[in-house]
Amino acid sequence: MNRKYLIALLISITAYTLVNATNTKEEKIKTVWGEKVTANNVWQSYPRPQLQRSQWMNLNGFWNFSVTDQETLKEQVKFEERILVPFAIESSLSGVQRSFLPTEKLWYRREFTLNEKWKDRNVILHFGAVDYECQIWVNNKLAGSHKGGNNPFFFDVTRYLKKSGPQVIEVAVIDPTDTESISRGKQQLDQKGIWYTPVSGIWQTVWLEAVNPIHILQVLPTADINKKTISLDINVAEAKGRETIKIEILDEGKVVNTTEQKLTSKIELEVPNAILWSPDSPKLYDLNIELLSNGKLVDQVKSYFALREVSIKKDECGYQRICLNGEPIFQYGTLDQGWWPDGLLTPPSEEAMLWDMVQLKEMGFNTIRKHIKVEPEQYYYYADSLGLMMWQDMVSGFSTERKDEEHIKPNAQADWNAPASHTDQWQQEMFEMIDRLRFYSCITSWVVFNEGWGQHNTVEIVKKVMDYDKSRIIDGVTGWTDRGVGHMYDVHNYPVTSMILPAHNGNRISVLGEFGGYGWAIQDHLWNPNMRNWGYKNIDGAMALMDSYGRLIYDLETLIAQGLSAAIYTQTTDVEGEVNGLITYDRKIVKIPTSLLHILHDRLYRVKPAKAVSLIADARDETKNTRLVGLNGKELKNISLPYSTKPDSNVVSETAFSIENPFEHLSLWLNVAGKAQVWLNGVKVFEQEVKQTRHYSQFNISDYVHLLRNGNNIFRIEVTDTGKMNFDYGLKAY
């Protein structure tokens, strides 16, 4: 690491710490659930819904901790303070709320006593997630180490346990955050903009379970919706080849099918009167599984499954569509970052986490893009139960110091030339995430790279993921630097709508992976009133937000008809300085009425595909178009578009076009920067401040389609107070 960079960073962090040292933990906003957290009730639910056992022990609660430099030996550590696990040291719910530096080491210590019934069992120690690199000791013996801050891991600690009396777990953690090229997501030591408070150490549930040496490691269901069967891939530890398996399928508590047979790699069972899983009918079936060895019961677990299939098919217009159970479905969801003002990456409780999801469901969303975060497993069970489809991001990251190299630009010709050590570790973490979460039917897409963050070996890695999980849709690159690989062509366009039209998307699915981000800062519900509280378009008041958001949803309708298969609005809640959530950061105010959102969103799922025709062509069709253009009050003359203009210009253009048949919908495409006004046959049909982005922005002006007349029509556009732009426009109809 560059020494000057590190010194500057440490000065910045020290200043931040000193400023915040005068603030009590209570001065930060809290959620209603955070206010109720105690050491006795913190995260008590079973942490692994996909494979449930009765004999387990929750180790959440108060642990002793210490922070030292990295040279300090374990024997020198004095555990004199308390921290509430599973909350990160930087969070208020941890009871600590302090910065943790890349030069430091975080130590934990916890005593526990084993259940006497576990004496003849193997004991497995589980960590839901520890950020970023850790070592674990049990009774002063090194049990193992782990690297990667987002995935669960476990150790069989049986041989380190004492026969009786108190047992001791000790954990040592280091976390470079953004000083190294790791999967850190939105964490940054210097918080600003889209970068948030770091999360260091234990941040998901710690727990123990008792098993026999021969036990079930994983049950992976695969549905065949045509045969109405479920195939179970059951992975067993230390199998000897003499095991048998007994499986019951339950529907609402009633056994509907059962089998008892020799353990094989795959076991297929019929599901009588099968009901397919969907957002409207999130049907789940329960499983009871018993494992026997030489006729003796050695393991007993509960699990569940859903019958659903994700695929890609062309609709009647030839557009590639996301399909659920063989039928096209428009996926509309929020960018959901899963941050909390009191717990940071850790929700204050299971109830709090579920509340967010229920709100989205009631708002009429059918999808969530889980952005740059891996949630506790209960989250995905809730999504399965509620019928919320999920895009799951791999956690990206890059070194802030080496940002120019590792965060590739939108039009970069080449990926980051990542060292082998980085790509090996990053891919290991990604496939660990997939292996852990592929059980959950709600996940319909894996998102590999986000906006060029640490993007490397794109074609190789995305193809590897496509081969690894053929049951899901792979979004290889969301936003920025597309490499022509993956099932989706995914663009980001703030704040308004856009897409890559099917004619230009390489026979892939066109999606809008991020858009919107309308920010309304509500006093008394801000993370820090003194920082920049912002959105991609700042809004003042509920009426203005409803007006702007309603316009966006209306704009989406004409894109869906032209081939858009999914859209992700930014975002579910405010997060620190970002106030572009539909809900405030403390979850105390929903900014737009839930029932109104449901009405708006319901229309999106019923839009029919259509073949649009170009009334006015733009340059995306790779044709040069000459239009009458006037600059700064000068006479209109024929100019080839796109036309490059300087800032603070006034641009006017007129175009005549002719139609022979009536249309029902109009789709306006603009590549401008400034206040844009549009007239159709002398009537103003559009007035809005427009930003020039990397893509043409699209606006639905179908409410003025009646102004079209057979024969000649006149289109006029004026852009004032411009930024620098490559002026162009188009008009489509269907």
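This briefing describes the nonpolar cores, the strand pairing and the helix packing of one structure. The structure is a predicted model, in which local features need pLDDT of at least 70, side-chain atom pairs count only at pLDDT 80 or more, and totals for chains, interfaces and linings use all residues. Residues are numbered from 1 along each chain as its sequence is written, and side-chain values use heavy atoms, with hydrogens and water left out.

**Nonpolar cores**

- The largest nonpolar core has 128 residues; such a core is a set of buried Ala, Val, Leu, Ile, Met, Phe, Trp, Tyr and Cys residues joined through side-chain atoms within 4.5 Å. Buried means under 20% relative accessible area, exposed over 50% and partly exposed in between, with a 1.4 Å probe and protein chains only.
- Within this core, the residues with the most contacts are Y332, Y549, L670, F686 and F727.
- Helix α7 (residues 542-561) gives the most to this core, with seven residues. Helices (H or I, at least four residues) and strands (E, at least two) are DSSP runs, numbered from the N terminus.
- Apart from its neighbours within four places in sequence, F686 is in contact (heavy atoms within 4.5 Å) with L668, L670, A676, Q677, V678, F699 and I701.
- A second, separate core of 34 residues includes I83, I136, I169 and V171.

**Antiparallel sheets**

- Four strands, in the order β1-β12-β5-β9, form an open sheet with antiparallel pairing. Two strands pair if DSSP finds at least two bridges between them.
- The edges of this sheet are β1 (56-58) and β9 (153-156); each has a single partner strand, so one side of each is left without a neighbour in the sheet.
- From one strand to the next, the twist averages 20°; angles run from 0 to 180 degrees between N-to-C directions, and axes are lines fitted to C-alpha atoms, for helices over the stretch in contact.
- Strand β5 (residues 122-127) pairs with β9 over four bridges in the antiparallel sense, and F127 has F153 in β9 as its bridge partner.
- Another open sheet has six strands in the order β35-β34-β37-β42-β39-β40, again with antiparallel pairing.
- Here β35 (637-641) and β40 (683-690) stand at the edges with a single partner strand each, so one side of each lacks a neighbour in the sheet. The twist in this sheet averages 30° from one strand to the next.
- Strand β39 (residues 674-680) runs antiparallel to β40, joined by seven bridges, and G674 stands opposite V690 in β40.

**Parallel pairing around β26**

- Strand β26 (residues 443-450) is largely enclosed by the rest of the structure, because eight of its eight residues are buried.
- Four bridges connect β26 to strand β25 (residues 389-393) in parallel, with I443 of β26 as the bridge partner of M390.
- β26 also pairs in the parallel sense with strand β27 (residues 473-478) over five bridges; the partner of W446 in β27 is I474.

**Helix packing**

- Helix α5 (residues 420-437) packs against helix α6 (residues 458-468) at an angle of about 25°, with their axes 12 Å apart.
- α5 and α6 are therefore roughly parallel to each other; angles under 35 degrees count as roughly parallel, over 145 as roughly antiparallel, 65 to 115 as roughly perpendicular and the rest as oblique.
- Residues making this contact include W426 and F431 of α5 and I461 and Y468 of α6.
- The axes of α7 and helix α8 (residues 594-604) come within 9 Å and cross at roughly 15°, which makes α7 roughly parallel to α8.
- Among the residues making the α7 and α8 contact are Y549 and I553 of α7 and L597 and L600 of α8.
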